[in-house]
Amino acid sequence: MTAQDLYSERAVKEDAALRVISLQKLIDGDAKTSDELLRACTDLGFFYLDCREVASGRIIEEVQSIRRVMLFEHPISKIKDPATFAGPEVIAKQLGPLKQAISSHREICILLLTRLSAALGLGEKSAYQQYHRANAVCPTAMGLLKYTLAEVEPDKVGQIAHTDAGSLSVVFTEVAGLQVLKPNEEEWYWIPPKPGHAVVNVGDSLRFISGGVLASSLHRIIPHKDEKCRHKYSIVYLLRPEMDAEFVDEDGVVWKGLEWTNKKHAVFRASAEEQAKGTYLTGRDGYVGYWDPEKDQESRTILVE
Ligand SMILES: O=C(O)CCC(=O)C(=O)O
Ligand SMILES: [Fe+2]
């Protein structure tokens, strides 16, 4: 396969046309915006979060400061001995801005959970933020992702189709590549990056916690024909429930927050046959989310034979 084959000339749908939710209006407690947020999370579980107005672009400035420290150039794969790895010096030097950005992302997620819970009329005890209390231990993470160039490493492109394990994912990126599968249409749609906006999506844990009211949709990262020469960098904040928070999956199995995260990660690392056995990775039995450009010129879903 040549690198040229990697780009589907016929993208199935150009733009998922996600709802746009204003962070400032959520902060202000605007009821209409909370309702719109709830609609975004119940129909597809994906939306743009407009961060431009908040305190003169503070969030965007923090995201830019993470980009500037170039942590993306220190990949985990290059760590020889994780047991003795103390973190690249650059992390130690940039701890201040990193901690600030992590804390702002957490605040955003807690606000989203608070507004969603209120829009659903949940009481204090069952509100979603109760699964993510400030001082509880949780496997929440911030990832600084640098995707390989399809031209250089055609076998390592993007991310396999998956639903996210956690509660909410907040993604800032400037380069296209993200697609979502609209479940009612069974079609992949591009989600183009929007300056000043994050893409936020609901993960499995929040879908389970909400008893299936909120949707965690299948998405993937594949090379975009207009971005051939650009590395895609993504800053992803993955809010996950507390280690001991309990929720029930769609088959009635009870999970603790940490168990579900670990299970999902084990499946990410497993063989395609293992991945297709359960519904853990994609929420679909028998479906494996690899993108095969030869079979999948029109970016359709791939089934294990
Ligand atoms: O890089 C992106 O745009 C999205 C990343 C993603 O889906 C993930 O890390 O789960
Ligand atoms: Fe994801």
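## Six-stranded sheet

Six strands form an open sheet of mixed pairing, in the order β1-β2-β8-β5-β10-β3. Two strands count as paired if DSSP finds at least two bridges between them, and strands (E, at least two residues) and helices (H or I, at least four) are DSSP runs numbered from the N terminus. The edges are taken by β1 (20-22) and β3 (141-146), each with a single partner strand, so one side of each has no neighbour in the sheet. From one strand to the next the twist averages 25 degrees.

The model is predicted: local features need pLDDT of at least 70, side-chain atom pairs count only at pLDDT 80 or more, and totals for chains, interfaces and linings use all residues. Residues are numbered from 1 along each chain as its sequence is written, chains are lettered from A and ligands numbered from 1 in the order in which they are written, and side-chain values use heavy atoms, with hydrogens and water left out.

β1 pairs with strand β2 (residues 46-50) in the parallel sense over three bridges. The bridge partner of I21 in β2 is L49. Helix α3 (residues 58-68) lies across β3, β5 and β10 (233-239) and runs at about 70 degrees to β5. Axes here are lines fitted to C-alpha atoms, for helices over the stretch in contact, and angles run from 0 to 180 degrees between N-to-C directions.

## Four-stranded sheet

A second open sheet has four strands in the order β4-β9-β6-β7, with antiparallel pairing. Its edge strands are β4 and β7, each of which pairs on one side only. Neighbouring strands of this sheet are turned by 20 degrees against each other on average, direction ignored.

Within the sheet, strand β6 (residues 178-182) pairs with β9 in the antiparallel sense over three bridges. V180 has H219 of β9 as its bridge partner.

D164, in the loop between β4 (159-162) and β5 (168-173), and H219, in strand β9 (residues 219-221), are 55 residues apart and link distant parts of the chain.

D164 counts as buried at 11% relative accessibility, and H219 is buried at 5%. Buried means under 20% relative accessible area, exposed over 50%, and partly exposed in between (1.4 Å probe, protein chains only).

## Helix packing

The axes of helix α2 (residues 31-43) and helix α5 (residues 95-119) come within 9 Å and cross at roughly 95 degrees. The two helices are therefore roughly perpendicular to each other, a label for angles of 65 to 115 degrees; under 35 is roughly parallel, over 145 roughly antiparallel and the rest oblique.

S34, D35, L37, L38 and C41 of α2 meet L112, R115, L116 and A119 of α5, where contact means heavy atoms within 4.5 Å. The contact residues divide into six nonpolar, one polar and two charged. Ala, Val, Leu, Ile, Met, Phe, Trp, Tyr, Cys and Pro count as nonpolar, Asp, Glu, Lys and Arg as charged, and the others, Gly among them, as polar.

## Two buried residues

G196 is in the loop between β7 (187-190) and β8 (197-202) and is buried, with a relative accessible area of 18%. Not counting residues up to four places away in sequence, G196 touches L49, D50, C51, R52 and I60.

R207 sits in helix α6 (residues 204-209) and counts as buried at 15% relative accessibility. With residues up to four places away in sequence not counted, R207 touches V202, G212, V213, L214, S216 and E250.
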